[in-house]
Amino acid sequence: MSQEKKNGKLKVAFFDFTSCEGCQLNKLNFENELLDLLKYVDIVEFREAMDDKAEEYDIAFVEGSISTPSCVQRIYDIRRRSKILVALGQCAVSGGINAMRNEQPLEKVQEEVYGEHKYLFPSMPALPVSAVVKVDYEVRGCPMSAPEYLHVFKSLVLGRKPETKDYAVCVECKLKENECVLEKGMFCLGPITRAGCDAICPSNGQYCTGCRGLVSNVNKNGAVEMLKQHGFSVEEALKRMKMFNTNDLEKEICWGKE
Amino acid sequence: MSRDLSINVHHVTRVEGHGNIVVDVKNGVLKKAELDIVEPPRFFEAMLKGRNFHEVAIITSRICGICCLGHQMTSLRATENALGLEISEQTEILRKILIHGATFQSNVLHALFLATPDFLNVGSVFPLVNTHKDVVLAALRLKRLANDIGDVISGRAIHPISIVPGGFTKLPSESEIKELREKLANEGMKDALFAIDVLASLADQIPQFERETEYISLYNDKEYAFYDGLICSSDVGLVPVEEYEDVTNEFVVPHSTSKHTRFNRSSYMVGAMARFNNSHKLLKPKAQEVAKKLGLIAPCHNPYMITVAQMVEVVHCIEDAIDLMDILLERGIKDEKPNQNPTRFGRGIASTEVPRGILFHDYTYNRKGQIEKANCVIPTGQNLANIDDDMKKLVPEILDEPKEEITKKLEMLVRAYDPCISCSVHMLDVTFEE
Ligand code: SF4
Ligand code: SF4
Ligand SMILES: [Fe+2]
C-alpha cells in the first residue's frame, strides 16, 4: 500500500472534511497545469480519486471545516505527518458556509434533526482548520480561486513563499471597468471583502456575497462610508457577511463601531 | 456452505463523501450488508431560515460542489413557484443547456475516472494517464467543454453566479453560443463516441447481477425529462411533483447520517438507469444507437449498468444541447433583466433531474420574502436503501468467491450508483423509525 519514495519528488496529499467538495473539484479544472505539476510531485493520497494511502507528506492540502470529534482526531493526525499544511477554500479557512449553523445553539440544531437520538451522531460547531492545528498557508473563496491555488502550489514546489492579497474586491472590480452593482441598487459586499477572485461576481452582474472574508482593516478604505452612502447599514452588511464568515465576525464584530 | 465473512471497507474511495461498507456473514447466513454513511451532517435547511429569496440558491448551491448546478436550478424554480415569478422562454432554454452541460460532465467524470479503473483493475485514474492516455484526454476535453458551457452561460461552473430567481444577471453573446455549439458538434461528439468505444471494449468486465426494483424519475412526454415533468414510478405511474412527500417517505436509520426513502417497496432507484428505464423512448437518435451498441436494453435491472446508461445520456445531452443552441441562435439572444417582483408569498416545490437522480426542493416564504421552512430531498439519499437491498441479494450469490473479489464487487456496486454523500447529509426534520 505504501508509496515508494521517488527521487526528489514532493509527496503531496489531499484531504477533505465537512464541505461541499467544490474546492476539490475546482482544482481539477486546471487539468493542463495539473498534469504539468505532476512532473514535480507525487500525489500520495487523494481519497476521492485513488485507493492509496501514505505515511507522511511534504504538502497536505486540506479542504472543509472541522465539525465532529472524529474530524479533530483526523486533522491532528494529518498535521503530525505533514511538513506544510495548506487550508483550501473558505470552509477550511473560516468555517465557511457551514459556520452559519454556529449561530444557533448546537443542542437545538441537533435535536431538531435527530430528536431524542441526538447523541447518535456527535457534532460540534463548524470550525476553521486553524482553530485546531497550525495552518501554514490558505487559499480563500467559496469556491476557492483556482488561479490562487495554482500560485500557492507552484510557489511551494519551487520553495518560495506565496503572495497574498489584502485589499478590497472593489479594487479588482474597478480595474475590470465593471458597472458598480451598488449603483444598480444591489447591496454589494465588495467594499469590505478581501480581493483575489478578480471580482468575478460583479463582473457577472451579481453582487459580492463576501465569500473571501473581510479585508484586515475595513475602515481604512472608507468602506463603511461607501455602504452608508448607498443606504446600507453596517448591521445589514454584517448579517450578509455571515453567510461565509460567521466565525470571523464573532472575532471582529466590533469593526465599524466608532 | 457455512462460511464466516466480515467485510468492513472504511471510507470507500472514488466516491464523493465518506461512507463505509459493512458486511457480516455467520455460518453462511447473511446477518448484515449495508452502506454506512458517516459524513458529518450539515444542517442546511436550518441555515436557510430567515434568508432572503435571492440568497437562497447561493446557499443551497453549497450543499454540494459536484451537484451545485442541479441544486441551484431546483432552488431557483422552487423560489419562483413560491413567489409567482414568471421566467422567459429564453431563460428556460439557457437553463436546459446548463443542465445538459452539468449532466454530461458529471456522467463522464464518473464513468471514466471513478468507475473505469475497476474495469481495468487499477486503483485510480492516474495509472491510466500512461496506459490509456487517449481516453483520459478525451474525458478531460469533455470536462473542459462542459466547464466552458458553465463559465459562458452562468459565470462559473462551480457555484454558478449569474443564474438568479427570475432569469440571468448577465447573458452570453450569440458568438459565444455559436462557438460552444461548434465545439459540441465536433470534438465534443467525437470524444464522447470514442469514450463509448473504449467502454464497449470493456463491457465483459461489468459484473452480471440482476435485481428488479422500483425506478423513479421525472417524466415528460415532450422530451427526456431533466428540467421539469411529473414524478414517474415504474410501479404506479405518474404522480404530481407537489405530492413528492408521498413518494419519498423519508426515514432515519441508525447506520446513516443521511435519511433513507421508500415508496411502494422497501427501496427504489433514482438516477441515470431510472431515467433510461422510464424515458428511453425519448432519447435523441444517436443516443438510441449508442444504447444498442452498448447492449443497454430497457428495462435493465443490473445496477452495474448505471455507468453505461450514464454514457448513453452523455450523447443525448450533447445532441439536445446542440438543438437548443440552434433554437437560441435562430431567435437571437434578447437583452432581458431577471424578473424579481414577487406576485405572492407562500410554498413552492420544484423537482429537477440532476446527474444522480431526482431532486426536490420545497420552500415556504413569509411576506417579507424570507424563508420560513425548507426541505430538500436528495438523489443519493433516495438510493441508499436500494444499495443496501442490492448488497443483501448480491452477497449470498457470490459467497463462494474469495473475500477480495466480494469486497471489490461491493465497492464497484456502491460506486456504480455514483453516490454523492456530501449531498445526502444536508439534513433537517426527522421522524425516527422504531
Ligand atoms: S469553500 Fe465553498 S466551494 Fe469550497 S468546499 Fe466550502 S462550500 Fe464548497
Ligand atoms: S466577488 Fe465576492 S462573492 Fe464573488 S468570488 Fe469574489 S469575494 Fe467571493
Ligand atoms: Fe452532490
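Domain bounds here come from an automatic or database domain assignment, and on that basis chain B divides into domain 1 (5-37) and domain 2 (44-424). The model is predicted, so that local features need pLDDT of at least 70 and side-chain atom pairs count only at pLDDT 80 or more, while totals for chains, interfaces and linings use all residues. Residues are numbered from 1 along each chain as its sequence is written, chains are lettered from A and ligands numbered from 1 in the order in which they are written, and side-chain values use heavy atoms, with hydrogens and water left out.

**Chain B: the two domains**

Select the two domains of chain B, whose centres, taken over C-alpha atoms, are 26 Å apart. Their contact (heavy atoms within 4.5 Å) takes 22 residues from domain 1 of chain B and 32 residues from domain 2 of chain B. Between them they bury about 2,300 Å², of which carbon and sulfur atoms give 69%; buried area is the accessible area (1.4 Å probe) that two parts lose on being put together, summed over both.

Next, colour β1 (5-9), β2 (19-26) and β3 (29-37) of chain B, each of which supplies at least two residues of the side of domain 1 that touches domain 2. The largest share of that side, six residues, comes from β3(B). Strands (E, at least two residues) and helices (H or I, at least four) are DSSP runs, numbered from the N terminus.

**Chain B: Asp148**

Now centre on Asp148(B), found in helix α6 (residues 133-154) of chain B. Asp148(B) is buried, with a relative accessible area of 16%, where buried means under 20%, exposed over 50% and partly exposed in between (1.4 Å probe, protein chains only). Leaving aside neighbours within four places in sequence, Asp148(B) is in contact with Leu180(B) and Lys183(B).

**Chain A**

Move to chain A, which has ten helices and five strands, and of whose 258 residues 58% count as buried. Select domain 1 (10-157) and domain 2 (169-251) of chain A; 17 residues of domain 1 are in contact with 14 residues of domain 2. The area buried between these domains of chain A is about 1,200 Å², with 46% given by carbon and sulfur atoms. Show Ser94(A), Glu103(A) and Arg140(A), which supply 40% of the area that domain 1 buries against domain 2, more than any other three residues.

Finally, the count between the domains of chain A is one salt bridge. Display also Arg212(A) and Glu148(A), which form a salt bridge whose closest N and O atoms are 3.0 Å apart.

Terms used. A salt bridge is a side-chain nitrogen of Lys or Arg within 4 Å of a carboxyl oxygen of Asp or Glu.
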